[in-house]
Amino acid sequence: METKNLVVPGDFLGTSEEFIVGDGVYDERGKIYAAVVGEVKIEDKRISVVPRVGTPPLPRAGDIVIGRVEDVKENVVVVSIACIQGCENRSVATSERGIIHISNIKNSYVTNLQQEFAHEDIVRAKVIDAKALRLSTEQRNLGVIKAICGRCKSSLVRRGNVLFCETCRKVEMRKIADDYGKVVI
Ligand code: ZN
């Protein structure tokens, strides 16, 4: 096995007389070219280009994701998903927004979403429908993990079951994850 330098799509790698076409390459009239950005790998005359960057992960049902609240509507919270827990160093392969429906916030009945989430909250949620990107925060470890004061934008600290602003003394309600404030992001 042999590894060469980085190639980009269209780079000429050799001829079909020298090599057998592998993955990440294409053959055009007997000439083999790179089809992806990556490193050339030759194994028993079989030539491939191994992609340099892995495909970013897509959220799957059951995944725990971290995101930021974009909007709080009457019945849903709109979340931009930043990463999948466990793959924090790789962004997700979607720019789609996740949705937390009012019935998936917590085990008890929710009447006012404004008392559970606010714009710019950082949340941890579970994917319950990967196709529609529906999320849930029903478990104790799910919900808001970081929030700022709606009045002065200071970070809110947890006081029992509510959040408190040490700057302007405002008290805010949230669906708090049980490790609120202890998470380093
Ligand atoms: Zn404040």
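Predicted model: local features only at pLDDT ≥ 70, side-chain atom pairs only at ≥ 80, totals over all residues.
**View 1. The zinc ion and its four cysteine donors, C149, C152, C165 and C168.**
In this view the zinc ion is held by the SG atoms of C149, C152, C165 and C168, each coordinating at 2.3 Å. The angles among the four donor atoms run from 97 to 119°, and the site is tetrahedral. For comparison, the ideal angle for four tetrahedral donors is 109.5 degrees. Along the sequence, the donor residues follow the spacing C-x2-C-x12-C-x2-C.

**View 2. The largest pocket and the residues that line it.**
The largest pocket of the model has a volume of about 270 Å³. It is lined by 13 residues, of which R158, N161, R174, K175 and I176 lie closest to the pocket centre.

**View 3. The largest nonpolar core.**
This core contains 26 residues, and among its members V77, F117 and L135 are the ones that touch the most others. Two or more residues of the core come from each of the strands β8 (64-72), β9 (76-84), β11 (122-129) and β15 (162-165), and the greatest contribution is that of β9, which supplies four residues. As a general background to such a view, nonpolar side chains in soluble globular proteins tend to be buried together.

Note on methods: Residues numbered from 1 in each chain as written. Heavy atoms only, no water. Donors = N, O, S within 2.8 Å, 3.2 Å for Na, K, Ca; no water. Tetrahedral: all angles 85-135°; square planar, octahedral: opposite > 155°, others 65-115°. 1 Å grid on protein atoms, 1.4 Å probe; cavity = no way out; pocket = protein on both sides within 12 Å on 5 of 7 lines; lining within 4 Å. Points joined across faces, edges and corners; volume = space filled by probe spheres on them. Core = buried A, V, L, I, M, F, W, Y, C linked by side-chain atoms within 4.5 Å. Buried < 20%, exposed > 50% of the residue type's maximum accessible area, 1.4 Å probe, protein only.
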